[in-house]
Each structure stands twice: as structure tokens, then as C-alpha cells.
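Have the sequence and the 3D view open while you read.

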Amino acid sequence: IDAIEVQLDELPRAARTLLDPAAVMGRQVDSTILAAVVGLDMGALSDGLKPAVEGGVLETTDLDGGDLLFRHALTQQLVYDRILPGQRIEMHGAIAQEFETRSEVKSDLSACSRLADHWLRAGQPDRGGVPWPRCVHGHAPGLHQPVAAAAREGIRCGAAHAQALSA
């Protein structure tokens, strides 16, 4: 862990600042959502993250859910853990708001569950406009663990959610 902390601390401040919301997104990062959340165009975001890519903190990928990937899950978790809890909550909310505008949320279970996870971590499990029943009903394959855990604990995400769970 010490070596990872040194690697992170050696990055320029601008790159470290961009890594915080990236870590809140998870190990896989959608740069278009990240750019919108931090208020940068794609060119400025790429320039800001270039030292993190060159330094081996992030790598480019073509995986579903993101075009950037924290090279190691431990690095993503370390960056995430360094963020103050209140800032994490705000970042989860901002990411969820931006993510909610994406069309894939309505048709892709994995995208839907990522959105639900961000709203839960933002402290807004009952946020409207989210297709919660499809996300949590039956603990469908591909469902992110925090969402499944929240459903098991009985968090109710509006009347539609409760109705789907009882169906």
C-alpha cells in the first residue's frame, strides 16, 4: 500500500483531483460521465488524466461500463478511501445525476444497478425516475452487490420498487 500511496502522491495535483471522482465511479470509469461531472471537455480530461495513464494508475479499456480502468482494484479503493465521506456522498450524487441521463440505464441491467448503487451511496435510495424494480427484482444476474444487499435489508425505493419485490 505504501508504494501505491507514493505513486499517487507523485502525480500532478490536477491528475490526483480527477482521480477522486473517477474512484467514486468504481474501478471502471466512463470518461464521458467523468468529464460531465468535473465540468471538462474530453480533451482537457484526457490531458489531466494523462499522467495517471502514463504512471500506470489508469489504463484504457474497451470493457462495458467504462473506457478507463484503474489498473489495480486496490489503487481505486485507496483513492476512494482518501476522499472525505461528505465529498464521496456529493460525488456519488453528481455521478448518479449524470448517469441517469444515459439511455442505457433504461435497457441495461448492469447500468441500472450501477446507477442504483450511486444513488444508494449518495444517501438517496428512493430517488425517483430510476427503474428500481428491474434492478432489484429477484436479485437478477449482473446486479451489483450493494444494491442486492440493500434490497435484502428491505430498503424500499418507492411504491413501484415495493410492489415489484412483492410480485
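Contact here means heavy atoms within 4.5 Å. With that cut-off, and leaving aside neighbours within four places in sequence, L49 is in contact with A15, L18, L19, L34, L58 and L68.

## What you are looking at

This is a predicted model, in which local features need pLDDT of at least 70 and side-chain atom pairs count only at pLDDT 80 or more, while totals for chains, interfaces and linings use all residues. Residues are numbered from 1 along each chain as its sequence is written, and side-chain values use heavy atoms, with hydrogens and water left out.

The protein chain has 10 helices and three strands; these are DSSP runs (helices H or I, at least four residues; strands E, at least two), numbered from the N terminus. Their order from the N terminus is α-α-β-α-α-β-β-α-α-α-α-α-α. If you take the contacts between residues at least 6 apart in sequence, 62% of them join residues at least 24 apart.

pLDDT is the predictor's confidence in each residue, on a scale from 0 to 100. The chain averages 79, and 72% of its residues reach 70 or more. Among the elements, α2 has the highest mean pLDDT (96), and helix α10 (residues 158-166) has the lowest (39). Residues 137-141 sit below 50, with eight contacts beyond near neighbours in sequence. Residues 151-167 stay under 50 as well, and the model gives them 26 contacts beyond four places in sequence.

## Inside the core

In soluble globular proteins, nonpolar side chains tend to be buried together.

A nonpolar core is a set of buried Ala, Val, Leu, Ile, Met, Phe, Trp, Tyr and Cys residues joined through side-chain atoms within 4.5 Å. The largest one has 34 residues, of which L8, L19, L49 and F70 touch the most other members. Two or more residues of this core come from each of α1 (2-9), α2, α3, α4 (42-54), β3 (68-70), α5, α6 and α7. Helix α2 gives the largest share, seven residues.

The expected span of a helix is 1.5 Å times one less than its number of residues. For the 16 residues of α6 (residues 85-100) that comes to 22 Å, and the end C-alpha atoms are 22 Å apart, so the two agree. The buried residues in α6 are R88, M91, H92, G93, I95, A96, F99 and E100. They pack against α2 (13-25), α3 (31-38), α5 (73-82) and α7 (109-121).

In α5, the buried residues are T75, Q76, L78, V79 and Y80, and their cover includes α1, α2, β3, α6 and α7.

Start with H92, in helix α6. H92 counts as buried because its relative accessible area is 2%. Past its neighbours within four places in sequence, H92 is in contact with V24, Y80, H118, R121 and A122.

Then try R102, in the loop between α6 and α7. Is R102 buried or exposed? R102 is buried, with a relative accessible area of 18%. Leaving aside neighbours within four places in sequence, R102 is in contact with T32 and I33.

Terms used:
Buried < 20%, exposed > 50% of the residue type's maximum accessible area, 1.4 Å probe, protein only.
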